[in-house]
Amino acid sequence: MPSKRLSIIAPTYNEAGNIIPFVERVKTTLAAFDWEILFVDDNSTDGTAQKAFDYGTGDSRVRPIIRLNDRGLAKSSIQGMLSARGDLLCVMDADGQHDPAVLLDMIARLEQDNLDIVSAARRLEDDQALEGLSPVRRKLSNIGNWLSSLILGKKLADPLTGFFVIRRSRFLELAPRLGDPGFKLLLDILYSDKSLRHEEVPFSFGVRTHGQSKLDTYVIWKFVTFLLSKMTGGLLPVSLISFLFVGGSGIFIHLAVLYAALSLSAPFIAAQTLVAATSNFLLNNLLTFQDKRLRGWGKLWGYLKFLTVSAVGIVANVSAATLTYERVIHVVFLATLAGIAIDTVWKFVIANRFIWR
């Protein structure tokens, strides 16, 4: 029997149907191990956490952790790893796509070669081994792996896998340096400490049994901004890069509405204020701060707070744009850019501290 305790961290969201089958597979496969399972749940609406809690009343090795705020795959995984009791920490999905039997090879490789971390690499070129991965997902994974290898400075088969085992002692050393890549925690770990002794074990990606994929537009957005942040050497944080991209893409919407308002003889100051405040708030609520997204009445209240707290930024924006438009050059495009440039950094600070907390 292995002397080290294994902690399995399984981030979940609306996966009530996967809890019992996953635990039973672990119990059968890892019968010789001292193990525990932490289901880190992002406040599921289908009773996932309750299902794990009920099971845990009869088996203390199973317990849920419920996260009400600051949710997301990477953050949930980190929370679970910090709360685990094991000497070895495993992050994996509970939806059937990650087979617990692969853990036997991963742990054996970890111990035999005295490694710090072992990851399970999907066979992305094998059709039969990727029944659970759609053609689109496979294409995105191949592109993401290529970009990730550039960031890491070495070629890996699958640096974007969500299935890996790491020694607790090594994880605790690098945990303070981890950012927020959305759902690709392994990449962040490998980038944060390039001295880690790491190897890959190939495995066949299974078919999801219950629930839906957590990959969506927001996750892809977070991954792209994470890569860009790493390309700057971490000088620009992920949230700031997202904020800047939102500002950049919002310029097109901003100008379109602004020119339309001006064509209807609306005052330049009024048109500038309306578009700057509204487009900035809505786009950042959708992308930059999606994990803290404001909804319902909270969204309206947040918008009102945004207008109130960032009043200084709005005044600076309008003043700079109007001055440029009226005194420097009578070109709407350049005048608008001047206002946006001054406003961007100010609103980013305000957003982090007072709106999306």
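**Contacts and salt bridges**

Modeller: Let's start with Ser44, which counts as buried because its relative accessibility is 13%, buried being under 20% relative accessible area, exposed over 50% and partly exposed in between (1.4 Å probe, protein chains only). Mind that this is a predicted model, where local features need pLDDT of at least 70, side-chain atom pairs count only at pLDDT 80 or more, and totals for chains, interfaces and linings use all residues. Residues are numbered from 1 along each chain as its sequence is written, and side-chain values use heavy atoms, leaving out hydrogens and water.

Colleague: Which backbone nitrogen does the side chain of Ser44 reach?

Modeller: Ser44 sits in the loop between β2 (34-41) and α2 (48-56). Leaving aside residues up to four places away in sequence, Ser44 touches Thr12, Tyr13 and Asn14 (contact means heavy atoms within 4.5 Å). At 2.5 Å, its side chain reaches the backbone nitrogen of Asn14.

Colleague: At roughly what angle do the axes of α1 and α2 cross?

Modeller: Residues on the α1 side include Ile19, Ile20 and Val23, and those on the α2 side include Ala52 and Tyr55. The crossing is right-handed. The axes (lines fitted to C-alpha atoms over the stretch in contact, with angles from 0 to 180 degrees between N-to-C directions) of α1, residues 16-29, and α2 come within 8 Å and cross at roughly 35°.

Colleague: Which residue meets Glu36 in a salt bridge?

Modeller: Glu36 counts as buried, because its relative accessibility is 2%. A salt bridge needs a side-chain nitrogen of Lys or Arg within 4 Å of a carboxyl oxygen of Asp or Glu. At 3.3 Å, N to O, the side chain of Glu36 meets that of Arg85. The pair links distant parts of the chain, 49 residues apart, with Glu36 in strand β2 and its partner in the loop between α3 (73-83) and β4 (88-91): that's Arg85.

Colleague: Is Arg167 buried or exposed?

Modeller: Arg167 forms a salt bridge with Glu111, the closest N and O atoms being 3.6 Å apart. Glu111 is partly exposed at 34% relative accessibility. Arg167 has a relative accessible area of 12%, so the answer is buried.

Colleague: And how far apart are the closest N and O atoms of Asp113 and Arg109?

Modeller: Asp113 is partly exposed, with a relative accessible area of 40%, and Arg109 is partly exposed too, at 27%. In their salt bridge, the closest N and O atoms are apart by 2.9 Å.

Definitions and conventions:
Helix = DSSP H or I, 4+ residues; strand = E, 2+ residues; numbered from the N terminus. Polar contact = N/O pair within 3.5 Å; in protein donor to acceptor, adjacent residues only side chain to side chain. Left-handed = near helix turned anticlockwise from the far one by under 90°.
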